[in-house]
Amino acid sequence: MLPPALLRRTLAAAARQALPRAGPQVHLATGPRQNNGIFYEIRTYDIKPAKMKEFLEVVSKYFHFRTAHSELVGFWYSELGAMNKVLHIWKYGTVSIHPFAPLCSLCVPCLLGKKCLPFLLGVYEWVTFQMKPGGPALWGEAFRAAINAHINTGYTKLIGVFHTEYGLLNTVHVLWWNESPDQRAAGRHSAHEDARVVAAVRDSVRFLESQQNMLLIPLQCSPLK
């Protein structure tokens, strides 16, 4: 049996599933609540540097207990922007089916028979925006326009956009995929010279309080690679 500390630290998370490959566009709810009943949970963990190898071994050993109860969207570790962090996203039909019980669902999670080792096939960028109070009704349209302007440049692929319902409100997480860090840098440099991107970002930044990002590498057990 896992130690109680590990049982309490559920590797559960959630967020928006990958959008269609054919020209994805961003859609944010601007009403009092989302019409989409799907609930996503995003979990991040700070791992002690000396314990990362041991952590991955525990994840690999017990992950199947967790995935038996919920749908895993993706599982990554940080490479740039923040170190010794892991982030994973879980999807639920509703909040009510979040697996707080039974206890076996609280075991540290990986797909049965797979090892959670680094799987280098592209890189993900996790960007967190702290927006001004007011919710998507205030800043949703401008934010969506800025995201779509980046999508239309074609240098990056949008995986998902997530707006918090619990925790720190008015927070938006955006997950991007790029072939490599160099490809991302070159694409962003080109996009920032595009007048349409510049105009959309300037409009959106009026509602922005802060932002930060991380470069993420998927583990082999991650459905998104």
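**Figure legends: close-up views of a predicted model**

**View 1. Overall content of the model.** The protein contains 5 helices and 7 strands (DSSP runs, H or I of at least four residues for helices and E of at least two for strands, numbered from the N terminus). This is a predicted model, in which local features need pLDDT of at least 70, side-chain atom pairs count only at pLDDT 80 or more, and totals for chains, interfaces and linings use all residues. Residues are numbered from 1 along each chain as its sequence is written, and side-chain values use heavy atoms, with hydrogens and water left out. Along the sequence, the elements follow the pattern α-β-α-β-β-β-α-β-β-α-α-β. Of the 225 residues, 48% count as buried (under 20% relative accessible area, with exposed over 50% and partly exposed in between; 1.4 Å probe, protein chains only).

**View 2. The largest nonpolar core.** This core has 18 residues, of which Ile47, Met52, Phe55, Phe63, Phe75 and Val86 touch the most other members (a nonpolar core is a set of buried Ala, Val, Leu, Ile, Met, Phe, Trp, Tyr and Cys residues joined through side-chain atoms within 4.5 Å). Two or more residues each come from strands E1 (39-46), E2 (71-80), E3 (85-92) and E7 (208-218) and from helix H2 (52-67). Helix H2 gives the most, with 5 residues. Another core, of 14 residues, lies apart from this one and includes Phe129, Ile147, Val172 and Phe207.

**View 3. The surroundings of Val86.** With neighbours within four places in sequence left aside, Val86 is in contact with Arg43, Thr44, Tyr45, Ile47, Met52, Phe55, Phe75, Trp76 and Tyr77 (contact means heavy atoms within 4.5 Å).

**View 4. Packing of helices H3 and H5.** The axes of H3 (residues 136-153) and H5 come within 8 Å and cross at roughly 155° (axes are lines fitted to C-alpha atoms, for helices over the stretch in contact, and angles run from 0 to 180 degrees between N-to-C directions). H3 and H5 are therefore roughly antiparallel to each other (angles over 145 degrees). From H3, the contact involves Ala142, Phe143, Ala145, Ala146, Ala149, His150 and Thr153; from H5, it involves Arg196, Val197, Ala200, Val201, Asp203 and Ser204.

**View 5. Confidence along the chain.** The protein averages a pLDDT of 74, and 70% of the residues score at least 70 (pLDDT is the predictor's confidence in each residue, from 0 to 100). Among the elements, helix H1 (residues 4-8) has the lowest mean pLDDT (40) and helix H5 (residues 195-204) the highest (96). Over residues 1-33, pLDDT stays under 50, and the model has 103 contacts beyond four places in sequence for this stretch. Over residues 100-120, pLDDT also stays under 50, with 70 such contacts in the model.

Technical notes:
Parallel < 35°, antiparallel > 145°, perpendicular 65-115°, else oblique.
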